[in-house]
Amino acid sequence: MQRSHAEQKNNGKPSSIPIASLDTSNGEHDCETDADYPDSRYECAICIDWLNEPVLTSCGHRFCKSCLNDWLQNHNQCCPLDNKHLSTDQDIFPDNFTRREIEQLKHKCPNSPMGCSLIASPIELNRHLPTCPYRRQQSEHHHQDLEVDQQQREKCPFASIKCDFVGRPETNQLEEHLKLDVPHHMQLILKAFQQTTLDSWQPHKSNSSTSPNPPPPPAQYANGVDEQIVQAMYQRIVILEQRAREYETRVENLNKELRLCRQQPIDARYSNGTIIWQIEQLTPLITRLRANANNQVYSHECYTSPYGYKFCARLNIQPRKPHVLSLHVHLMQSENDFHLDWPFKGRIKLCMVHPADKSLSQHDTIMTKPEILAFHQPREAISTRGFGFLEYANISNIMHLGFCADDRLLIKIEINIV
Amino acid sequence: MANMAVSRIKREFKEVMRSEEIVQCSIKIELVNDSWTELRGEIAGPPDTPYEGGKFVLEIKVPETYPFNPPKVRFITRIWHPNISSVTGAICLDILKDNWAAAMTLRTVLLSLQALLAAAEPDDPQDAVVAHQFKDKHDFFLLTAKHWTNAYAGGPHTFPDCDSKIQRLKDMGIDEHDARAILSKENWNLEKATECLFS
């Protein structure tokens, strides 16, 4: 039997055959070391692996139960090792002795160098390996292939300034190293920095050697005090650059905010009692207003002064007079009401602006009267009583006289205290 | 590919890599693709045979049902042997057919093939022409096998007589390999070979 011969080789020193050439993508079974190769007593000749649920044949050979079953199902009923006839019923027995022997073997998980602490029987390990949290995903390699191993380890980011630390990618070794070795890294940085400044000093020196006042030679530069100054300056530059960048971002953000503010309409508080009411899409609006007497449309609000009265205007169509628009001005509750004089006294100018010809614009002026309830202090957000015209403008006139270019009507309302 | 087949082939691969034979350069094995389904084997011609000094390359295809079914093996290197087709490289060897056993490995297959080169079975031939020559004109068989080993497997023995006869046929527009095959078949009788070719 040639197997036993091979086993001895396996247990011997690993040969120098370059196994790196066997590189493949899937490496669960490939992390095994020589110790993972079963002793020939415990090896199934079919799967060449540890006997799993071993069975013994009448001709004295051991196989995994499932391996032998597969073999006997696929082939004539012969032992794979000596071709003796095997009857499934009579010639195959569970080999519990060997099963226990294998169960008593305790091996470390092949991923123990990466930190897996599991110690179990080979069979359990085989089951554990595909799900071992420390398993290597990328490529297979043997532990003796140190060179390959080194490349696969994680290098310290400070490697370029001669930190020679490498860590296992599966562990947090690198993280720990970065935390703990800060002083070492600082030293390396300082060394590298000195090297760079010294190196970069050279051309400057040769350039200025012709000038009447030669700069201090490198030897002088190398003395501790100057070095400290350069270092301090360097740090300062870094800080200032950082700050400049922060400011840039801030200015940019403020600019953005400003642009946004400009796009928003003027605060009603500073409207000075003027409402410029652009009514877009007039035709559909009229249809809507006609459909229901309760449908009305309000303008945006205005204040007569920053601390003055608050107004808005309202458009609707009376059901009895579907051909005319009504326009009313309403007082609104505001934070100023408590200190203002009531009822409101003033003049309200209404103007329906003709977009093409100013002389055609329709002007109306209303003077307040103290007995009109609409000018008393409002008790609701928008006073329920308004003052204006039930028949403000004939709709067909608006259309015919050209007030409504692009289906847009402009009404200007000026409210002044008298 | 079935999991069992892959894991077994991987293990076998290592077995071959660590075997004594590889140190002696007597057998070799390498991957053709990443899926472990196809491999390339190489065996050295055994000493004291006409194949001595030659390296014979084998195509090994591993079926999904491996190891319950044998690997499919054939010679890529042309060889003159009663149990190997001189045309296709197909091998007649019982363990690669009915007598396969799951306990056999790539290593044992390669070693068995090496043994087959050393001990031909002319009574169970794959190539009837070669088997015939082996039995009836053994001297010609040895000559031809050595010549083929030299021509295709890098063997050490050269036969200027054979080469000149092949050259004669080549001058007539015959492909070198066809010329060699027909001359080998006709026991290096140039007239018969020509007759056979142009009749």
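Student: Which residues of chain B does UniProt list for "domain: UBA", and how do I read that span?
Tutor: Start with the record. An unreviewed UniProt entry lists residues 161-199 of chain B for "domain: UBA". Then look at the model, which is predicted. Over residues 161-199, chain B is 77% helix and 0% strand. The end C-alpha atoms of that span are 24 Å apart.

Student: Where in chain B is B:W188?
Tutor: B:W188 sits in the loop between α7 (176-185) and α8 (190-198) of chain B. Check its backbone too. Phi of B:W188 is positive, about 65 degrees, although the residue is not a glycine.

Student: Is B:W188 buried or exposed, and why?
Tutor: Count neighbours. B:W188 has 20 other C-beta atoms within 10 Å, so it is buried.

Student: Which residue of chain A has a positive phi without being glycine?
Tutor: One case is A:Q281, with phi near 50 degrees. A:Q281 lies in the loop between β10 and α10 (282-291) of chain A.

Student: What pattern does chain B follow along the sequence?
Tutor: Read the elements in order: α-α-β-β-β-β-α-α-α-α-α-α. That comes to eight helices and four strands. Of the 199 residues in chain B, 44% are buried. Now take contacts between residues at least 6 apart in sequence. In chain B, 50% of these join residues at least 24 apart.

Student: How many bridges join β2 to β3 in chain B?
Tutor: Seven bridges link β2 (residues 38-44) to β3 (residues 55-61), and the two strands run antiparallel. For one pair, find B:E38: it stands opposite B:K61 in β3(B). Next, β3(B) is joined by four bridges to β4 (residues 72-75), again antiparallel. There B:E59 has B:R74 of β4(B) as its bridge partner.

Student: How should I picture side chains along a strand?
Tutor: In a regular strand, side chains alternate between the two faces of the sheet.

Student: In what order do the four strands of the open sheet in chain A stand?
Tutor: The order is β10-β18-β15-β16, with antiparallel pairing. At the edges are β10 (274-279) and β16 (362-367) of chain A, each pairing on one side only. From one strand to the next, the twist averages 15 degrees. Now look inside the sheet. Eight bridges join β15 (residues 346-353) to β18 (residues 409-417) of chain A. Across that pairing, A:L350 stands opposite A:I413 in β18(A).

Student: Which peptide bond in chain A is cis?
Tutor: Look at omega. The bond joining A:W342 and A:P343 is cis, with omega about -10 degrees. A:P343 lies in the loop between β14 (324-332) and β15 of chain A. From B:Y66 to B:P67 the peptide bond is cis, with omega near 5 degrees. B:P67 is in the loop between β3 and β4 of chain B.

Student: How many residues has the largest nonpolar core?
Tutor: It has 64 residues. Those with the most contacts inside this core are A:C44, A:I46, A:F63, A:C64, A:C67 and A:L68. Take A:I46, leaving out residues up to four places away in sequence. In chain A, its contacts include A:F63, A:W71 and A:P80. A:I46 also touches B:P67, B:A102 and B:A103. Apart from this core lies another, of 28 residues, among them A:Y309, A:F311, A:M352 and A:I413.

Student: Which residue does the annotation "active site" cover?
Tutor: In the unreviewed UniProt entry, that annotation covers B:C92. B:C92 lies in the loop between β4 and α3 (106-118) of chain B. It has 18 C-beta neighbours inside 10 Å, so B:C92 counts as partly exposed. Beyond residues up to four places away, B:C92 touches B:N83, B:D124, B:P125 and B:Q126.

Student: Where does UniProt list a "coiled-coil region"?
Tutor: The unreviewed entry gives residues 230-264 of chain A. That span is 97% helix and 0% strand, and its end C-alpha atoms lie 51 Å apart.

Student: What scores does the model carry?
Tutor: The model scores ipTM 0.71 and pTM 0.48. For chain B, the mean pLDDT is 88, and 99% of residues reach 70 or more.

Terms used: Residues are numbered from 1 along each chain as its sequence is written. Chains are lettered from A and ligands numbered from 1 in the order in which they are written. This is a predicted model: local features need pLDDT of at least 70, side-chain atom pairs count only at pLDDT 80 or more; totals for chains, interfaces and linings use all residues. A nonpolar core is a set of buried Ala, Val, Leu, Ile, Met, Phe, Trp, Tyr and Cys residues joined through C-beta atoms within 7 Å. A residue is buried if 20 or more other C-beta atoms lie within 10 Å of its own, exposed if 12 or fewer, and partly exposed in between; C-beta atoms are placed from the backbone. Two residues are in contact if their C-beta atoms, placed from the backbone, lie within 7 Å. UniProt positions are given in the numbering used here, feature names are shortened, and annotations may be inferred rather than shown by experiment. Two strands pair if DSSP finds at least two bridges between them. pLDDT is the predictor's confidence in each residue, from 0 to 100. Axes are lines fitted to C-alpha atoms, for helices over the stretch in contact, and angles run from 0 to 180 degrees between N-to-C directions.
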